[in-house]
Amino acid sequence: MDAPWTGWVVDGGGVIERSYPQRDVTESRVRPRALAQSLFAPLPRRYDALAFVLSLGQDRRWRRAMVDMVKPAKPGIVLDVASGPGAVTRELRRRGVPRVVALDVSEAMLRRGVANAAHDNAFEQVKFVVGGAEQLPFADGAFDALTFTYLLRYVSDPAAVLRELGRVVRPGGVMASLEFAVPPRAWWHLWWVGYTRLVLPVAAALTGGRAWWRAGRFLGPSISAHYDRYSLAWTLDAWRAAGFREVTVRRMSLGGGVVMSGVRES
Ligand SMILES: C[S@@+](CC[C@H](N)C(=O)[O-])C[C@H]1O[C@@H](n2cnc3c(N)ncnc32)[C@H](O)[C@@H]1O
């Protein structure tokens, strides 16, 4: 399965692909996800540490649970979408996945991933692609597995994005995701609203400054608004409509996170 590795542009210390020739990706280049780009551009340097603190130490456990879902398929090559600074990419590597392609719409976030790969001496195994999930620059069925993290709130058409992600997973391959979610139980939901609306923005501002205040204030309302429009049941159906069977949903930490996975139909 060598196709995604051909025609890449090597850029300085890392590998940032801008002109993968296999597929026309004009739209995702011309209309990048402006909000995601502006929101994440100032965050990469301290993203992993602060994400850990601000999720009350849960995010690493959630990522491991997601990678657990793809590991049994023994994938040779995995596409990690919305890779950011590469926490999932690194977890995939730690768990023995031989090759990972890390894709993100924010070059600033991805460059942090490049630095992390340099630190891990992993340039042979990890490649980086600046691009949008809406229009992936890869051939159909190019990957044995695909992971995506905290992505669906940033796209305007989640069903179409799920179809596009499913397109690049080979038949029988696995897709797994991690997203924030709204806790279903009333008392925990109340606590969660208080935490995301009050504690989180203030803690973010105190530890990370103005950019983190903006991200901290954005997060809670963004999660609520997303699930008002796209319930978990809707998301489950969208996975199936995108060509996945055996779709599983696992709520994490009383429902503050959700890990999903499915197997690509033949
Ligand atoms: C919260 S970060 C997640 C980073 C990392 N995967 C993790 O586990 O922490 C979400 C990432 O999604 C990226 N993103 C948002 N919209 C995107 C899109 N349409 N296509 C690709 N990446 C996108 C952002 O740039 C950001 O780096």
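## Report on the predicted chain

The chain's secondary structure amounts to ten helices and eight strands (DSSP runs numbered from the N terminus, with helices being H or I of at least four residues and strands E of at least two). This is a predicted model, in which local features need pLDDT of at least 70 and side-chain atom pairs count only at pLDDT 80 or more, while totals for chains, interfaces and linings use all residues. Residues are numbered from 1 along each chain as its sequence is written.

Of the 266 residues in the chain, 42% are buried (20 or more other C-beta atoms within 10 Å of the residue's own, with C-beta atoms placed from the backbone).

Strand E2 (residues 77-81) has five of its five residues buried. On one side lie Ile-77, Leu-79 and Val-81, and on the other Val-78 and Asp-80, all of them buried. The chain runs from E2 through helix H5 (residues 87-94) to E3 in a right-handed β-α-β crossover (clockwise from the first strand over the helix to the second, with the strands pointing away from the viewer). The pairings of E2 (at least two DSSP bridges between two strands) are tabulated below.

| Partner of E2 | Sense | Bridges |
|---|---|---|
| E3 (residues 99-104) | parallel | five bridges |
| E5 (residues 143-149) | parallel | four bridges |

Leu-79 has Val-101 as its bridge partner in E3, and Val-78 stands opposite Ala-145 in E5.

Phe-244 belongs to strand E7 (residues 244-252). Phe-244 counts as buried because it has 23 C-beta neighbours inside 10 Å. Phe-244 and Arg-163 are 81 residues apart in sequence, with 9.5 Å between their C-alpha atoms.

Technical notes
A residue is buried if 20 or more other C-beta atoms lie within 10 Å of its own, exposed if 12 or fewer, and partly exposed in between; C-beta atoms are placed from the backbone.
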